[in-house]
Amino acid sequence: ASSSTDVPRHEGSSRPFTARSTSARADQAKDRYWLHLLLFVLTLVSTVYAGAQWAGRSLYYEQAGHWAIVLDGLRYAVPLLLFLTVHEFGHYFAARYHRINTSLPYYIPFPFNGIGNFGAVISIREPIPSTRKLFDVGAAGPLAGFVVAFGVLLYAMATLPSPEYLLDLGGHEALKAHIQQHGTFPDAMQSAEGGEQTTQIVIGNTLLYWLLAQVFPNVPPMYEMYHYPVLFAGWLGLFFTALNLLPVGQLDGGHILYALFGRKWHGRLARAFIIVLLISGSIGFMDTVAPALADMTPWGGAVAWALLGGILYFYLYRTFRGAHQYIAPVLLGLFAITAVSTVVPVMASYLGYSGWLVWTLLIVLFIRVEHPPVVRPNALTPRRRWLGYASIAIFTLCFTLRPIYIA
């Protein structure tokens, strides 16, 4: 999960934000410092645990002891929580600058999702009244967080150890044999003994990560990158930045898009991006879920198409507010593209990621596709517009259609 601001919820309403219903509560609300501190400590502990699990240097741990596990965990947790903290305080200080009542960050610990947390959020306790203030609060978080993520990546790549670092991993015998023989990483994922292809977690490449990898030596392949705690934390900073900058609803990217182009174009572009996510999600669904259903029942293929059709119809109904003149052609197009992907497997390799179906569910149910109007619309200053374009560029550099997948 990504960190995000919690803007007052008036999605789906055609009425502008109004402060009447929240002003009394905003005046009464106070930060519970003990709660924020407790959540931070719990998040630190759970993220340290997750970082050590990702590093997985079992042979090194056997020799160096338990503190080595903690140290690898801290190498992952500190830069990741630094990113989350700077991101959220970017929102916080921008809101305070405009005298908007807001809470301190709430960190969300969760040691069982592989990352160690569900990010952090702040609660904005009153509506944001104008377009410029909306832009400032929305853009401050991802811009500030991106600086940290980029700095972490630069540091991690500049201090990468030699490929022999991976010799401390348990298993990975084919990989370690190649490193011992050649002193370099293999060009392709290694097969297990007997020629059987191994199944591995692969981290999706982003444009910015790829560009940096061309500059620095000893950059590991994406299917081994998560064993490097600081490097993986930097990549997650890029990914979380991209998630927050998704150009939909009331995510940070939605605020920026609304402030730059207005409500009408925000709605058009947000719906177009939802369709992109559904294309990727549908291709990934038929590539991963359909074969599993086919193994369970002779009608598995038909069941998969029927299930996908129901999912897509629900999403499109919410996205287009029940307007079937849009739902029908988009649904037909999604089915056509997905059908082509079943006979052109390379499409799934580059485009398919079923996880976007889960993210789209969160968007259509909670974040919403459209953005409600502000009370006082006003044009952005030239400096703000350039920062908005920079945010779009950052999203392009940090986004990947296949963030984490099994190969």
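Student: Before we look at side chains, what is the mean pLDDT of the protein, and where is the pLDDT below 50?

Tutor: Let's start with the overall figures: 91% of the residues reach 70 or more, and the mean pLDDT is 90. Where pLDDT is low, the predicted coordinates should not be read in detail.

Student: Thanks! Is Thr319 buried or exposed?

Tutor: Thr319 belongs to helix α10, which covers residues 300-319. Buried means under 20% relative accessible area. Thr319 has a relative accessibility of 1%, so the class is buried.

Student: Which residues does Thr319 contact, leaving aside neighbours within four places in sequence, and which backbone oxygen lies 2.8 Å from a polar atom of its side chain?

Tutor: Happy to list them. With neighbours within four places left aside, the contacts of Thr319 are Arg271, Ile274, Val364 and Val369. As for the polar atom of the Thr319 side chain, the backbone oxygen 2.8 Å away belongs to Tyr315.

Student: Now the aromatic rings. How many aromatic pairs are there, and why is the pair of Trp305 and Phe335 tilted?

Tutor: The structure has 26 aromatic pairs. For Trp305 and Phe335, the ring centres are 5.3 Å apart and the planes meet at 40°. Planes under 30 degrees apart would count as stacked and those over 60 as edge-to-face, so an angle of 40° makes this pair tilted.

Student: Which helices does that pair link, and are its two residues buried or partly exposed?

Tutor: The two residues are 30 apart and sit in distant parts of the chain, Trp305 in helix α10 and Phe335 in helix α11. Trp305 has 24% relative accessibility, so it counts as partly exposed. Phe335, at 26%, is likewise partly exposed.

Student: And what about Trp356 and Phe399: how far apart are they in sequence, and are they buried or exposed?

Tutor: Their rings form a tilted pair, with 5.6 Å from centre to centre and 35° between the planes. Trp356 lies in helix α13 and Phe399 in the loop between α14 and β5, so the pair ties together parts 43 residues apart in sequence. Both Trp356 and Phe399 are buried.

Student: Which rings do Arg57 and Arg402 lie over?

Tutor: Arg57 lies over a ring face at 4.2 Å from the ring centre, and that ring belongs to Tyr60. The charged end of Arg402 is 3.8 Å from the centre of its ring, which is that of Tyr405.

Student: Let's move to charges. How many salt bridges are there, and which residue pairs with Arg125?

Tutor: Side chains of opposite charge can pair when their charged atoms come close. The structure contains seven salt bridges. One of them involves Arg125, in the loop between β3 and α5, and its partner is 94 residues away in the loop between α1 and α2. With closest N and O atoms 3.0 Å apart, that partner is Asp31.

Student: Which helices does the salt bridge of Asp136 and Arg384 link, and are the two residues buried or exposed?

Tutor: These side chains meet at 2.8 Å, N to O. Asp136 is in helix α5 and Arg384 in helix α14, 248 residues apart. Asp136 has 16% relative accessibility, so it counts as buried. Arg384, with a relative accessible area of 12%, is also buried.

Student: Why are Glu173 and Lys176 separated by about one helical turn?

Tutor: These two form a salt bridge whose closest N and O atoms are 3.7 Å apart. Both lie in helix α6, and because they are three residues apart there, the separation is about one helical turn.

Student: Last one: which residues other than glycine have a positive phi, and where do they lie?

Tutor: There are examples in two loops. Asn218 has a phi of about 65° and lies in the loop between α7 and α8. Phi is near 70° for Arg368, which lies in the loop between α13 and α14. The names to note are Asn218 and Arg368.

Key:
Residues numbered from 1 in each chain as written. Predicted model: local features only at pLDDT ≥ 70, side-chain atom pairs only at ≥ 80, totals over all residues. Heavy atoms only, no water. Helix = DSSP H or I, 4+ residues; strand = E, 2+ residues; numbered from the N terminus. Buried < 20%, exposed > 50% of the residue type's maximum accessible area, 1.4 Å probe, protein only. Polar contact = N/O pair within 3.5 Å; in protein donor to acceptor, adjacent residues only side chain to side chain. Contact = heavy atoms within 4.5 Å. Phe/Tyr/Trp six-rings, centres within 6.5 Å; stacked < 30°, edge-to-face > 60°. Lys NZ or Arg CZ within 6 Å of the ring centre and 35° of its normal. pLDDT = per-residue confidence, 0-100. Salt bridge = Lys/Arg side-chain N within 4 Å of Asp/Glu carboxyl O.
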